[in-house]
Amino acid sequence: MARIPENFVQDLLARTDLVELIDSRVPLKKTGRNYSACCPFHQEKTPSFTVAPDKQFYYCFGCGASGNAVGFLMEYEHQSFPEAVKQLAGRAGMEVPESRPETTADRQKKDRLQALYDLLNRAEKFYCQQLRQAPERQKAITYLKGRGLSGEIAKRFGVGFAPPGYDNLIGGLSLTEAGLEQALTAGLLVRRDDNGRTYDKFRDRIIFPIRDTRGRTIGFGGRVLGDGKPKYLNSPETPVFHKGQELYGLWEWRQSRDRSDRLYVVEGYMDVIALAQHGVPNVVATLGTATTEDHARKLFRQVNEVVLCFDGDKAGVRAAWRALESLLPALDDGKQVRFLFLPDGEDPDTLVRQQGPEALRALTDKADALSTYLFRHLSEGLDLATVDGRARLARLALPYLDKPAGPVYRALLTQELSQLTRLDKESLTQLKPAPKPETAPAPRPRAEPEPESHDDFMPMDYGDAIPPQDDFYPADSNSYPSRPHSRPARHQDGSRKGPMTLAERLVLVLLDYPDLVSEQPLPDGVELLPMPHIDLLIQVAGLCRQNHSPAALLGALMALEQGETLSRLLKASLKPPMQKEMATRLWQDALSQLEVSRLEAALHEMEQAGIPDTAHWQELHRALAEARQHARQPFN
């Protein structure tokens with residue numbers, strides 16, 4: 001997607017009335033010059049959420065949530081930046097432009113996808129119509145009523161009916177030859193290989209539309225009526241539907257305005273709908289697949305706690321373990337996962353219908369946390385009272401200790417295993433499997449010996465306000481000055497894991513205190529350093545000089561073309577900021593480190609070029625020694 005021009009975002013923010021936008025979702029009360037309400041982002045009884053109309057900015061004194069109109073939609077409605085901008089533009093009667101002209105290929109691709117969305121939307125309306133009009137509809141209605149569904153809830157989820165027969169959809173939509181090909185691509189039809197005959201994929205089934213995060217129908221699930229097989233049938237993979245990434249019921253939950261910070265993950269469509277009808281709207285389901293890492297990341301973008309519901313049989317245990325392995329890499333600090341195994345013969349639907357939502361919440365409170373389930377599962381059949389049993393547990397558990405994204409969570413898992421095996425953490429660390437070698441550039445030669453201790457470069461005690469050194473630099477290099485040049489590890493799908501880089505941390509500081517860059521600018525030549533995200537830091541530093549109001553800065557920042565990094569930083573920026581004094585000390589210390597790296601790079605470049613200018617070489621050595629000395633000293 002092309003970058004949205006920054007000047008358009010600024011113009012859009014200027015035309016948007018933030019008070020009106022928020023008041024339509026969270027009723028505001030006039031309090032002096034500003035407006036207030038109970039915060040929509042955390043539970044509270046006394047209003048601490050303030051909207052300043054003159055600044056077009058909101059802030060919560062309770063949880064620290066803050067931002068402008070775009071940020072509010074991103075956080076409140078869980079939208080991406082482009083989605084939020086598009087919604088605001090629609091309200092303002094503006095069209096979102098693109099930085100580069102749309103090519104013919106772009107238009108053709110967009111038209112093809114839009115044609116699929118339109119066709120799937122027509123199919124959804126057809127199935128809903130059949131639930132009201134088809135001669136065979138009564139058995140579908142009887143089934144739905146037997147499951148306790150009301151007409152209102154069925155309408156909210158778009159439940160429909162595919163009558164028996166092989167060409168109902170083909171005839172109902174009056175598909176041409178081109179339409180047949182589109183319907184095949186959309187997964188609505190099937191073509192036999194032997195005779196080329198085309199027929200409806202969904203027949204004699206209850207139909208459940210599957211919607212994406214924008215509410216567009218992208219596929220369908222169908223439950224058979226009778227004893228046919230398979231019991232559930234889903235749309236195949238298509239250009240708009242990828243079952244390993246989508247969650248049934250997510251869009252409907254977001255539309256419910258439920259503000260829960262917990263999502264239940266169940267196995268069936270009917271469980272989602274029935275729970276929503278009985279007062280538990282925060283439920284989603286996977287689409288015939290095990291929970292994937294993509295699912296996990298999407299879930300954690302919505303809430304901080306995920307509860308996975310499984311049957312207590314062997315199949316449920318196997319599914320739970322597969323889910324655990326998928327969730328671990330997405331598990332960051334502050335996130336929580338619980339494993340809820342239901343009693344024999346129970347599913348979430350029957351449990352809530354018979355005992356009410358309180359019964360489900362009571363079971364949730366007793367459900368295993370991920371760490372508990374991890375070690376309990378690995379300990380099955382082992383006698384931890386013996387050395388052999390504890391040794392076996394250690395060997396089984398060690399590969400899982402470094403999988404979570406959150407450094408605090410990784411440390412706590414190690415501590416828990418230490419208690420179970422009676423091995424100290426240092427021993428466990430030494431026993432961890434060696435990481436697989438990765439292709440990386442050879443380390444640069446240094447003009448001077450490196451300091452023996454990293455602590456020489458971090459003389460101050462920042463307390464809890466600033467993460468330890470390893471949160472500033474990925475722990476994948478041997479010497480402190482070279483750390484800024486290393487990059488965080490990445491998953492196979494390209495997504496980030498691990499701690500923030502130095503540049504990202506400094507961007508986060510500037511989001512809270514943009515004046516720092518005017519008081520103490522970045523060193524000259526820092527843009528030449530091969531540091532991850534240094535370009536983002538330089539761009540944000542420049543924006544700080546141009547945009548002095550928080551709303552303008554956030555708007556300008558979100559217009560940058562670095563989506564994944566910006567989403568991470570904007571989410572972190574909603575947390576309470578550190579104190580100004582602490583932020584200033586961090587900024588000063590980081591500038592000293594950057595100056596050291598800049599001088600090292602300049603010295604290395606001179607030496608690599610051949611016979612150096614002796615006077616200049618000596619000057620660089622002197623400046624580098626002074627910079628290193630300065631970096632070791634506490635700041636006033």
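1. Two strands pair if DSSP finds at least two bridges between them. Helices (H or I, at least four residues) and strands (E, at least two) are DSSP runs, numbered from the N terminus. Arg262 stands opposite Glu305 in β14. Four bridges join β12 (residues 262–266) to β14, and the two run parallel.

2. This is a predicted model: local features need pLDDT of at least 70, side-chain atom pairs count only at pLDDT 80 or more, and totals for chains, interfaces and linings use all residues. Residues are numbered from 1 along each chain as its sequence is written, and side-chain values use heavy atoms, with hydrogens and water left out.

3. β14 also pairs with β15 (residues 336–342), parallel, over seven bridges. Six of the seven residues of β14 (residues 305–311) are buried, so the strand is largely enclosed by the rest of the structure. Buried means under 20% relative accessible area, exposed over 50%, partly exposed in between (1.4 Å probe, protein chains only).

4. The structure holds 17 salt bridges (a side-chain nitrogen of Lys or Arg within 4 Å of a carboxyl oxygen of Asp or Glu). In one of them, Arg211 meets Glu252, with the closest N and O atoms 2.8 Å apart. The pair links distant parts of the chain: Arg211 lies in β9 and Glu252 in α10, 41 residues apart. Both residues are buried.

5. Asp11 and Arg15 also form a salt bridge, closest N and O atoms 3.3 Å apart. Both lie in α1, four residues apart, about one turn of the helix. Asp11 is partly exposed at 31% relative accessible area; Arg15 is exposed at 53%.
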